[in-house]
Amino acid sequence: RNPVALDVFAQCHAQKSGNYDAAIESVNEAIRLFPDHIQSYMVRGMIYLTGGAPIRARRDFEKVRKER
């Protein structure tokens, strides 16, 4: 599987359906398969933020900041 494809799928799913839990599951799968793919953490953070979980979003954004 391709982490970028999973990220894009999750973003589209969240935007189209508003089902943030399913979108998070998709990104979590990308992170599980490709833990070093830092963009997945950014995508998950954006979904958390849009879905009303700013504390979780901040954790992912901080991880991205530290890795860059």
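Visitor: Before we start, what are helices here, and from where are they numbered?
Guide: Helices are DSSP runs of type H or I with at least four residues, and they are numbered from the N terminus. Please keep in mind that this is a predicted model.

Visitor: How many helices and strands does the chain have?
Guide: There are four helices and zero strands. Read from the N terminus on, the elements follow the order α-α-α-α. The radius of gyration is 11 Å, close to the 11 Å that the globule rule gives for 68 residues, so the chain is as compact as a globular protein of that length.

Visitor: And what does the C-alpha trace span along its principal axes?
Guide: The C-alpha trace spans about 30 × 30 × 15 Å. Of the 68 residues, 34% count as buried. The chain exposes about 4,600 Å², and carbon and sulfur atoms supply 51% of that area.

Visitor: Among contacts between residues at least 6 apart in sequence, what share joins residues at least 24 apart?
Guide: That share is 41%.

Visitor: Let's turn to charges. How many salt bridges does a search of the whole structure find?
Guide: The search finds three salt bridges. As background, side chains of opposite charge can pair when their charged atoms come close.

Visitor: Take Glu 62. Which residue does it form a salt bridge with?
Guide: Its partner is Arg 58, and the closest N and O atoms are 2.8 Å apart. Both residues belong to helix 4, and because they are four residues apart there, about one helical turn separates them.

Visitor: Is Glu 62 buried or partly exposed?
Guide: Glu 62 is partly exposed, at 29% relative accessibility. Arg 58 counts as exposed, because its relative accessibility of 57% is over the 50% cut-off.

Visitor: What about Glu 29, which residue is its salt-bridge partner?
Guide: Glu 29 pairs with Arg 32, with 3.0 Å between the closest N and O atoms. Both lie in helix 2, which covers residues 20-33, and they are three residues apart, about one turn of the helix. Glu 29 is partly exposed, with a relative accessible area of 23%, while Arg 32 is exposed, at 57%.

Visitor: And Asp 60, what does it form a salt bridge with?
Guide: Asp 60 forms a salt bridge with Arg 44, and their closest N and O atoms are 2.6 Å apart. This pair links distant parts of the chain: Asp 60 sits in helix 4 (residues 54-67) and Arg 44 in helix 3 (residues 39-50), 16 residues apart.

Visitor: New topic: where does His 37 lie?
Guide: His 37 lies in the loop between helix 2 and helix 3. Its side chain is joined to that of Ser 40 by a polar contact of 3.0 Å. Leaving out residues up to four places away in sequence, His 37 touches Pro 3, Val 4 and Asp 7.

Visitor: Is Asp 36 buried or exposed?
Guide: Asp 36 is exposed, with 76% relative accessibility. This residue is found in the loop between helix 2 and helix 3.

Visitor: How far apart are Asp 36 and Ala 5, in sequence and in space?
Guide: Asp 36 and Ala 5 are 31 residues apart in sequence and 15 Å apart in space, from C-alpha to C-alpha.

Visitor: Last one: which residues form a nonpolar patch on the surface?
Guide: Met 42, Met 46 and Leu 49 form that patch, with about 250 Å² of accessible area together. Among them, Met 46 is found in helix 3 and is partly exposed, with a relative accessible area of 39%.

How values were computed. Residues are numbered from 1 along each chain as its sequence is written. This is a predicted model: local features need pLDDT of at least 70, side-chain atom pairs count only at pLDDT 80 or more; totals for chains, interfaces and linings use all residues. Side-chain values use heavy atoms; hydrogens and water are left out. A salt bridge is a side-chain nitrogen of Lys or Arg within 4 Å of a carboxyl oxygen of Asp or Glu. Helices (H or I, at least four residues) and strands (E, at least two) are DSSP runs, numbered from the N terminus. Buried means under 20% relative accessible area, exposed over 50%, partly exposed in between (1.4 Å probe, protein chains only). A polar contact is a pair of N or O atoms within 3.5 Å; within protein, one must be able to donate a hydrogen and the other to accept it, and residues adjacent in sequence count only if both atoms are side-chain atoms. Contact means heavy atoms within 4.5 Å. Patches are made of residues with over 30% relative accessible area and no salt bridge: like charges are joined within 9 Å, nonpolar side chains (Val, Leu, Ile, Met, Phe, Trp, Tyr) within 5 Å. Accessible areas come from the Shrake-Rupley method with a 1.4 Å probe; for residues, only the protein chains shown count as cover. The radius of gyration is taken over C-alpha atoms; the globule rule is 2.2 Å times the number of residues to the power 0.38.
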